[in-house]
Amino acid sequence: VCPAGSRCRPPLHPSGGPAGPSGAMAKLHEWSQTESEVVVKFPIDPSVGKDKLRIKIDPGMLCVQVAGNAIFRNELSNKVNVDESFWSIEGTGPDRCLVVSLYKKKDKVQWRGLTKEEEESAAADVLAPEFDVMALEHDDDDPERVEEQEENERKLEARYNKLLEEKGLEDESTLQTFFALFDNCIQLYRLNKLYDYLQKVVPACRKRTDKYKLKAIQALAFVLWKQSKFREALPLFHEMEDILGKGAALCENIAHTYNSLGDYDKAEDYFRQALKFIEQEHGLNRGNRGGVLLGLGLVRDRLGKHREALPVIKQAYEFYKERANGAPASLQAKAGISCAKLHAKLGELGEAEKYIKEAVHMYEVTCGETSPLTASAYHELGKCLWAQRKREDAQKALARAYELEAMKDAWDLVTLLEIHNMLMDTHLKATSNINRAKFAEFFKTSDFIANRVRKTLPQDGNAAVYYKAAGELRAWGGRYQEAKDYFNEAIPLFENEKGTDCSSLIQGCRDMLAFCDRNLAGVQNSPMNFEIPIEKVDDAAPAEGGYAGNSEEHEPTEDLSAEPSVGSSALADAATNKSRELALEYRLVQAGDFSNIAKLLSGKQRRLLFPDEASLALQLEGAGKGLCWAAVLGGILVGAALCGSDGVFAHVLQLAVSGDSVDVAQEPDVCRGLLDRCAEACRERRLRALRAEGAVVGTAGGDLLEGLGWQASHFVYSTPCAAEPSGSTACGAAVASAPAQASSPSSRAAPAAASSLRKEGKDTSKYYEDWHKVDVERTLVQEDGVDPSVVPERVVHKEDFGELGNGLDVSTKITKYSWDQSKANVSLYIPFDGVQSLPESDVQCVFRQRGVLLVIRQGTKRHWYKVPNLCQDIDIDGSSRKIKADQVAIKLRKVSQGSVWSDLTDEKDRYQRQRQYRLEHGDLKGATTEQLLADMYEHANDEERAGLRDAMRVNRQKREEESRSAP
């Protein structure tokens, strides 16, 4: 039945104009729809033959020409499946018409109009009871566009609020609309909004026994995870596990959560299970394999194995890149950022910059220019550029990151301080000229952050640190009265801070107040633009370890204030003399030290890796047992080194020393003492070496570690025995070769035996082989005692076409083709209007053993068709291409003459091998007919699904006829 307003039109003459005297063009069509198909009919004159028709069907566009005149050229209201769509001529005489059958990309979604324009005119229907919220669901195969998501958010929120008021949360239509809104908003990172909604939705859904109970638990877990509340999300994921049992997606979510909590053994275990389920449920290189590989890479990264983590992370990146098929994708950007971080840690900053710039662009397109993901990407870009001393570009990136981070729902003060300090660095360090007027560019953002700190955070020492930073920014910018207001706001908060000695911070604020007063009174006239003598310019070499470490707080130098430094003040001298009278003591870290260690780190604008005391206790009893040491001065904790072990090496995770309680000159000695004791503990546990990144130890961490005799490799420092064969020396040899604290003679002796630490009967080093070299399914089957040869090869061969295959734009991809085969050849036919009139050199075809690429250059565009995984090998020299009228014919010569290809690509053969394995050894062994059919439909392509639907429709009609004819 045609929707209201559409009707049959007069027949067309060969000229393309309507019959009748007027000759005016009109909408000459009628249309109807079923659950899976849209049919458009165009009346045509009996004299019109198919040679006068030109029909082009694209995923979102339909063009119809009759004798060269366009009678329909419009964007469709929804996407269609081009391969299943077709056209035909039906009827005779006055009933003759062109029938275009369009198969819907989304089954069961009712189109509100045939064209985009008609759909938009019906937008008010969003509040109507019959409105289908599934029509607003984003298609995973389509490019992500933030504008579309924001418009859908507005529509769904209006509908949800209306249904909530009229029907309440007990009504299914209300819940259906909410979860459609949730799926849309989670892409836009509306975390606080969703969390507030879920406080009412989850209790209502827990009373139900249908699918909405599980959806609500899953939604809350996901939001908490995105908000970095991992410990709160974990029990919800396990609750889902109890309800559903294990599955690929759930195991992956639990693995990521354990990874974030630092429980790497459990993280790896769940990642392994997720890979197994992915290959069983989806086949090779499908499902969310990229997410699991990303998680496995991050586990290695956090264990300090950056070089080993990189190929695994790159596999995830390539997985998402291939799935995106050239369109911008946020998951590809996420994996790219992870690649960049690893390249940076390995000192490969140029490679890191390429990945981050690509990610920034992708996040802006897919998530929005103000998305939290875009903010984080700009932060990473700024760090990478500044580490290369690309000053102006770094300033632009960091200024944008500062602005966007301040706008986040789930904003983080520590991150903002890191960006603030690095932004100050780009203006003050490694330069011969300081232009103070430039600081005014950041006043607006700084004021916005300060207001958020006042309204949403406890007014304590942490808040005071930001007020002090904001005051220094104003002082550098010449706004002395505003700077004074910030310092006066910070001082009382520092004075009320009892857990940490803030005397130096207070004195710094008072010194700055005096500096501002002198300038306001005209006693001092500090220049707004001045040169710095060459000998005072910082070293401009790239920061150690890739990105720069945490920046120090910035106070005007003697050129500006002419004040003595805080370290030479009477108050500072008194604190220093007192500390020298006391002896440093060292002991193992205890769980009760949590708050003191957190304060040590916050004083350095860093935060503790462990979110609470319970998490620290788990570390101290698990991977860090006996490896974490604390320094105590006069009963006060003044330093701590937190370490962990993967069973082969020990790793320094965090190290901090208080500059308030210890003389600055003593800080390196305290660090050495802590690291020496950690190295000694490493030797006692028969671990190969203790490792650390220079940035973990501090801004001058590299010099400190080298002074201890540690060896550097890609900016990761290790005690010397790490470079020797496993088991050849003990870690204690490193302590002996370094200027260590006093230790017993026995601690310097003798080579230790190889590590006996084992996991599930296997040497732990075997657990960390490169995952890209492991056939996961075969490994797991072998562990279960089954012959691994029953598992099909997982290798997916993709041909590389060299330079011609680079930079292909997805928007110019040729999607229409046909093919057939003989005993000797496979023939491909690719239609392309006017190809015969192009120069031969503009039609290029490249053959590979298992691939073919056709590139047609038309003007400035390169149209292309590519098959990188042909079903079988071809004879490259015997293959050819021929240009015909509006078509390119490609002949692929079979290597195996007489063989029959199951399909053009090898996907069907690989799927059949995998399915046979599943039937004999996997999850389909013993499955019912119903389960086999359901699995067949789930793994079928669009063409096969259409065939299954047609078969089911024919069977249904046959049963209905039989029932009607029955007596």
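Figure 1

**Figure 2. Hairpin of E24 and E25.** Strand E24 covers residues 874–884 and strand E25 residues 887–894; the two pair in the antiparallel sense over 7 bridges. They form a hairpin with 2 residues between them. In the turn, Asp-886 has a positive phi of about 55°. Which residue of E25 is the bridge partner of Lys-884? The partner is Gln-887. Ile-883 stands opposite Val-888, which also belongs to E25.

**Figure 3. Open sheet of three strands.** A further open sheet has 3 strands in the order E21-E22-E23, and the pairing is antiparallel. Its edge strands are E21 (843–848) and E23 (861–867), each of which pairs on one side only. Neighbouring strands in this sheet are turned against each other by 15° on average, with direction ignored. E21 pairs with strand E22 (residues 851–858) in the antiparallel sense over 6 bridges. Within this pairing, Cys-845 is placed opposite Leu-854 of E22.

**Figure 4. Packing of helices H10 and H11.** Helix H10 spans residues 306–324 and helix H11 residues 330–345. Their axes are 8 Å apart, and the helices pack at an angle of about 155°. Angles over 145 degrees count as roughly antiparallel, and H10 and H11 are therefore roughly antiparallel to each other. Their crossing is left-handed. On the H10 side, the residues in contact include Ala-309, Leu-310, Ile-313, Tyr-317 and Tyr-320. On the H11 side they include Leu-331, Ala-335, Cys-339 and Leu-342. The residues of the contact of H10 with H11 comprise 11 nonpolar, 5 polar and 4 charged. Lys-314, Lys-321 and Arg-323 of H10 are among the residues that meet H11, and Lys-345 is among those that H11 contributes.

**Figure 5. Packing of helices H17 and H18.** The axes of helix H17 (residues 461–476) and helix H18 (residues 480–495) cross at roughly 160° and come within 8 Å. At this angle H17 is roughly antiparallel to H18. H17 passes H18 in a left-handed crossing. Among the contact residues of H17 are Gly-461, Ala-464, Val-465, Tyr-467, Lys-468 and Gly-471. H18 contributes residues including Tyr-480, Ala-483, Tyr-486, Phe-487, Leu-493 and Phe-494. The residues of the contact of H17 with H18 divide into 13 nonpolar, 2 polar and 5 charged. Glu-472 and Arg-474 of H17 take part in the contact, as do Glu-482 and Glu-489 of H18.

**Figure 6. Segments with pLDDT under 50.** The chain has a mean pLDDT of 77, and 74% of its residues reach 70 or more. Where does pLDDT stay under 50? One such segment is residues 140–144, for which the model has 12 contacts beyond four places in sequence. Another is residues 548–581, with 70 contacts beyond four places in sequence in the model. Where pLDDT is low, the predicted coordinates should not be read in detail.

Note on methods:
Residues numbered from 1 in each chain as written. Predicted model: local features only at pLDDT ≥ 70, side-chain atom pairs only at ≥ 80, totals over all residues. Heavy atoms only, no water. pLDDT = per-residue confidence, 0-100. Contact = heavy atoms within 4.5 Å. Pairing = 2+ DSSP bridges. Helix = DSSP H or I, 4+ residues; strand = E, 2+ residues; numbered from the N terminus. Axes fitted to C-alpha atoms, helices over the stretch in contact; angles between N-to-C directions. Parallel < 35°, antiparallel > 145°, perpendicular 65-115°, else oblique. Left-handed = near helix turned anticlockwise from the far one by under 90°. Nonpolar A, V, L, I, M, F, W, Y, C, P; charged D, E, K, R; others polar.
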